[in-house]
Every structure is written in structure tokens, then in C-alpha cells.
Amino acid sequence: MAAIHNHSEAGLAKRFWIKCNRESIFAMYTPFVISLASGNLKIDSFRHYIAQDVHFLRAFAQAYESAEECADDDDDKLGISQLRKAILEELKMHGSLVEEWGLDLAKEHSINSATASALQTEELLDKLSITLTGEELDVIEKLYYQAMKLEIGFFTAQPLFQPTIVPLTKGHNPEEDHIMIFSDFDLTCTVVDSSAILAEIAIVTAPKSDNQPEDQIARMSSSDLRNTWGSLSKLYTEEYEQCIESIMPANRLENFDYKELSMALEQLSKFENSANNRVVESGVLKGINIEDIKRAGERLILQDGCTDFFRRVVKNENLNANVHVLSYCWCGDLIRSAFSSADLNEMDVHANEFSYEGSVSTGDIVKKVESPIDKVQAFRNILENCKDDKKKLTVYIGDSVGDLLCLLEADVGIVVGSSSSLRTVGTQFGVSFVPLFPGLVKKQKEYNEESSSNWKSLSGTLYTVTSWAEDVAIQRHGSVQVNGYAVTREMRNFRQQSFKCLLDQDTIQTLKCCT
């Protein structure tokens, strides 16, 4: 697997790693790697992996030998030689296992993108790339990206002789199973809170003065709007912090208590309702044209990986799944426009709505989802209205205190980002926050052929991710079944691609240019 980087350095290797971060996450979340990390990977799978890796390490040693021949600088030659020696040492270790197990390498096919002495390799890449032209750097970057994709392919293609906890869609039968994905919107899917977007639309489109045509909805001037929005925002922040502090138990609960948490969040719900009433009464939402809202939605920046995740769910014809967005957003049209621009019209949006006269907002809000209690009630209603008898797996993705009840009632609750208030409140009521990868490894240890499902609602455990790439990873990988020739042929294809990546003439020429 790829090395852990020191982010204080700013070399070419680090830049490539950051660009390919999503691919490294995908490789880490493959069923093979999860099983290996859990310590219960079946020995037959490990033997297959070792036998394949021998072939690829030989290719790696050959590539380093070619690179050493191209190098003119003695220090560079020494560095490459040391890397080649490390590969040969690993080959010796593999060879002893192959001999002990009596494997026939002529029948095995392989690829392995993991490199020995990865940090040394990166230091050498940084050094040799200093004199490269922009065009040559583009070639190196494409090769780096190709190698990362091959790594994903390698680990995904490993045959497994055991049940696995990932992907979540593993063993999914559309005739019997139903996957229901729920997600928050503001700051879970978006980079900016929707209230700030709507405020900016109101301010930008507002009249510069109080002189307005009589046939239009009366609005504040842009300067008055900006001042009013500023006051409302400041007051909301102050009162929100006070409310959060007031609902916290005096002492941290030793055990998860959903009932106590629900009662506490009822107080937060009253606060959210009052805050929305204050916004409506201020008149700041008056006079916004629906076309301006739709245009803003089309240009709304979503979190990296968010649309990729939803596309893989709603565009998969072999997956009986649907997606529901539950949001405090004042204007559902903004959400629908954002997803529509990404060709995600299948998303079901549950949010508040603007009231309009023609195409212009009156300043009122049709209130549907204002609070944590409203959200969890909408979550329950959706499940109750799903009348089929299919086995359901529910996943909720959120980022704030308002999502806590839904996160906990879902079979799988995933927290995106690092909201301090969410963690503080949850922890005080006994909620455990576990990074997703270690959480999956632990579940894999407990998983066996008799396990129907390891995911249970109201367990008190939520899983944390740093980005949407991790969400994509746990639902994208297919489990490879041992199927004789089919697996072997796939592995041969990966090997051929990896050899080309390592040994083609363009690569050799680029290495010559480096020196």
C-alpha cells in the first residue's frame, strides 16, 4: 500500500499523492484489504496473493535495473540500486513461502502496485523530477495515476474464500433487498451553507434604495438587507451555542441513552423553530426570484466525491436503492436545482419550501423540516411509507447535531467532516465515534457465514469519514468469487497493464530525461 506522507514537505510525490488520494482510499477499502487487516483472511487467499506478488516484484526489479542503467549520477544509481535490493530481499521472503507451500507460479498471474521502501522512492522521484519539463511531468503524473488505478484493480480482483462485511451492496438481491440512503444537505453535500447562498441572492438582487415600483413585493434595500442578515446570523450563533450548552448533561453518560438524547434535542428543536420565525418576520426572504434560486443551485459547489457517490447508487440498474435528502434548507428548489445540474433528478428532497407569488418569494417559509425532531420524524415516515416486504438496509450520512437522531436510527450512520458540536453532544450522551476503516476491520473480525447482518440501528456507534471518497469506497467494490479461469484471466489482464506501466519505452525515455 502507499506510504503515509509527511505533509510538511512539498515535493512532486506529495502533489501526486494528494491528487490520487481518492484512489488510495478505494484500494484500502477493498474486501481483500479489510479481511487482511482484520487478521482473519483465509490462508488460501493469502497464498494466492503471495504467488501473484512474486511475478510483479520480478517486474519491479527489472524496472529498477533499467532505471539504474539510465541514471548518470552516482548518487542516483546508488539510490535506485538500494531500492532494487529491497525488492530482491522481498522476493527472497516470498520465495521461501512459495517453496514452503508448494505453489506453482506458472499457473498464477499477478499485479501489485505496492512498492518496497516507498519513502525512499518518493525522495528519489522528487530529486529526479527537478529538471523535467511540464510535458514530461504530465507523463509522470499519468503513470502515477495509472499505477494507483492498477492497485485498486489488483486488490479488488483478489479471490476471497470467506464472507466479507464490504461492500455494503455485497450479496444484494433486488428481488429481496432494498437499500435506502438518507443524507443531509448543508455542509454534508455542500461546501457553503444554503442560508448563506440565499442571503447573498437576496442582497445582490435587492434594490439599491427604498424607491421601488408599486406593483412589486416590497423589499428592503441591499444595504439594509446586509445589516439585517448580519444581525440575524450573529444572534443565531450566540443563541445556538447557549442552547447546546444548556442541553448537555452535567456528567458524561457511561452508556448510550437515546431517550435522554431525544429529550435534549427537543429543546434544540424549539430553538430552531424560533430562529426560523425570526427570519420570516424580518422580511429578508421577500422578493427572491425562483430563476435566481435555480441558477444559484446549478452553480452550487458540492463536496468532492458527493455526486459520484449518489450516481453510483441511483444510476445502478442492478441495485434496488433510492436516495432521500433531509434538510433544514429553507428552499427545496435550491437543492433540487443543485442535484439536477449533476443529472441526479432521481433524488427525493425533503426540505422546507419558499412561498411564492408567481415566481417571486413572499418571505414566508412552508415549514416541513426545521429541527432534529422533524428530521427523524421524516426519516421514520419514509420507512413506514415504504410498503414492500423487502429486507431494508438504511444508511444515513450527516455532519451536524441536527442529524444525530437520524444517524443513530439508521442501520449505518456515517458522519462526514469534523463538527465539534456534533461530537461533543453525542459523546456526552454515550455515543461512540469510530473511524470507518478501523470500524470495518473490527466488524470483519466478528463476521462469519452465519451472520445475516452486522449493521444494527440504535447501537450507539457512528462511523466517521474525512471525505465522500470513503462513502464511495464501501459501496463500490464487488466481491470476487473464486471461479477458476475467470479470475485468472482478469489477473493476467492486470499483470499485462502493470508491466506496460513499468517497462514501456515512454517510461524508460522519461527516466533518461530525469538524469
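## Basis of the model

Residues are numbered from 1 along each chain as its sequence is written, and side-chain values use heavy atoms, with hydrogens and water left out. Because the model is predicted, local features need pLDDT of at least 70 and side-chain atom pairs count only at pLDDT 80 or more, while totals for chains, interfaces and linings use all residues.

## The strands around S8

Strand S8 covers residues 412-416, and five of its five residues are buried (buried means under 20% relative accessible area, with a 1.4 Å probe and protein chains only). Val412, Ile414 and Val416 point one way from S8, whereas Gly413 and Val415 point the other way. In a regular strand the side chains alternate between the two faces of the sheet.

S8 pairs in the parallel sense with strand S7 (residues 391-398) over four bridges, where two strands pair if DSSP finds at least two bridges between them. From S7 the chain passes through helix H15 (residues 404-409) to S8 in a right-handed β-α-β crossover, meaning that, with the strands pointing away from the viewer, the path from the first strand over the helix to the second runs clockwise. S8 also pairs in the parallel sense with strand S10 (residues 461-465), over three bridges, and Val415 stands opposite Thr464 in S10.

## An antiparallel sheet

An open sheet of three strands has the order S2-S6-S5, with antiparallel pairing. Its edge strands are S2 (286-289) and S5 (353-357), each of which pairs on one side only.

Asp53 lies in helix H4 (residues 43-70) and is buried, with a relative accessible area of 0%.

Key: Helix = DSSP H or I, 4+ residues; strand = E, 2+ residues; numbered from the N terminus. Buried < 20%, exposed > 50% of the residue type's maximum accessible area, 1.4 Å probe, protein only.
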